Amino acid sequence: MAKYKFASLRGSDFVIEGDNPQDAWAKLCEREKDNGTLWKTQDMFRNKNAVQKNKYKYLNSKDPNSPAYIEVK
């Protein structure tokens, strides 16, 4: 299983394992569902910056408002 990092507006980015980025996102949503923290992944300016400067990708390549992620090696 690979590790993925999802860009966060504040604090540490979210790191989670998954078979692919979509699986990791589903697991992250399950893990954080009661914490109220996933709003931090929905900031389009933070995500755009992560994509442009840190080689992240959008979870939905056709939607620049989707979460930004990168595979952690």
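Colleague: Is phenylalanine 6 buried or exposed?
Modeller: In this predicted model, phenylalanine 6 has a relative accessible area of 0%. The cut-off for buried is under 20%. With 0%, phenylalanine 6 is therefore buried.

Colleague: Which nonpolar residues make up the largest core, and which elements give two or more of them?
Modeller: Eleven residues form the largest nonpolar core: Ala2, Tyr4, Phe6, Phe14, Ile16, Ala24, Trp25, Leu28, Leu38, Leu59 and Tyr69. In soluble globular proteins, nonpolar side chains tend to be buried together. The elements contributing two or more residues to this core are β1, β2 and α1.

Colleague: Good, now the rings. How are the rings of tyrosine 4 and tyrosine 69 arranged?
Modeller: The structure has three aromatic pairs. In the pair of tyrosine 4 and tyrosine 69, the ring centres are 6.0 Å apart and the planes stand at 70 degrees. Planes over 60 degrees apart count as edge-to-face, so this pair is edge-to-face.

Colleague: How many residues apart are those two tyrosines, tyrosine 4 and tyrosine 69?
Modeller: Tyrosine 4 belongs to strand β1 (residues 2–6), while tyrosine 69 belongs to strand β4. Their pair links distant parts of the chain, 65 residues apart.

Colleague: Are tyrosine 4 and tyrosine 69 buried or exposed?
Modeller: Tyrosine 4 has 6% relative accessibility, and tyrosine 69 has 12%. The limit for buried is under 20%. Tyrosine 4 therefore counts as buried, and tyrosine 69 also counts as buried.

Colleague: And what kind of aromatic pair do phenylalanine 6 and tyrosine 69 form?
Modeller: Phenylalanine 6 lies in strand β1 and tyrosine 69 in strand β4, so their pair ties together parts that are 63 residues apart in sequence. Ring pairs also link Tyr4, Phe6, Trp25 and Tyr69 into a cluster. For phenylalanine 6 and tyrosine 69, the centres are 6.1 Å apart with 45 degrees between the planes, and the pair is tilted.

Colleague: Which strands stand at the edges of the sheet?
Modeller: The open sheet has four strands in the order β2-β1-β4-β3, with antiparallel pairing. Each edge strand has a single partner, so one side of each is left without a neighbour in the sheet. Those edge strands are β2 (14–18) and β3.

Colleague: Which residue is the bridge partner of tyrosine 4 in β2?
Modeller: Strands β1 and β2 pair in the antiparallel sense over five bridges. Across from tyrosine 4, the bridge partner in β2 is isoleucine 16.

Colleague: At what angle to β2 does helix α1 run?
Modeller: Helix α1 covers residues 21–32 and lies across β1, β2 and β4. Its direction relative to β2 is about 120 degrees.

Colleague: Where do the buried residues of α2 fall, seen down its axis?
Modeller: In helix α2 (residues 44–54), Arg46, Asn47 and Ala50 are buried. They fall within an arc of 100 degrees, so they line one face of the helix. What covers these buried residues includes β3 and β4. The face turned away from the buried side carries the exposed residues Phe45, Gln52 and Lys53, so the buried residues of α2 sit within an arc of 100 degrees.

Colleague: Last one: which residues does asparagine 65 contact, leaving aside its neighbours within four places in sequence?
Modeller: Asparagine 65 is in the loop between β3 (57–58) and β4 (68–72). At 41% relative accessibility, asparagine 65 counts as partly exposed. Leaving aside neighbours within four places in sequence, its contacts are Gln42 and Met44.

Note on methods:
Residues are numbered from 1 along each chain as its sequence is written. This is a predicted model: local features need pLDDT of at least 70, side-chain atom pairs count only at pLDDT 80 or more; totals for chains, interfaces and linings use all residues. Side-chain values use heavy atoms; hydrogens and water are left out. Buried means under 20% relative accessible area, exposed over 50%, partly exposed in between (1.4 Å probe, protein chains only). Contact means heavy atoms within 4.5 Å. Rings of Phe, Tyr and Trp (its six-membered ring) pair if their centres lie within 6.5 Å; planes under 30 degrees apart count as stacked, over 60 as edge-to-face and the rest as tilted. Two strands pair if DSSP finds at least two bridges between them. Axes are lines fitted to C-alpha atoms, for helices over the stretch in contact, and angles run from 0 to 180 degrees between N-to-C directions. A nonpolar core is a set of buried Ala, Val, Leu, Ile, Met, Phe, Trp, Tyr and Cys residues joined through side-chain atoms within 4.5 Å. The arc is that of the directions from the helix axis to the C-beta atoms.
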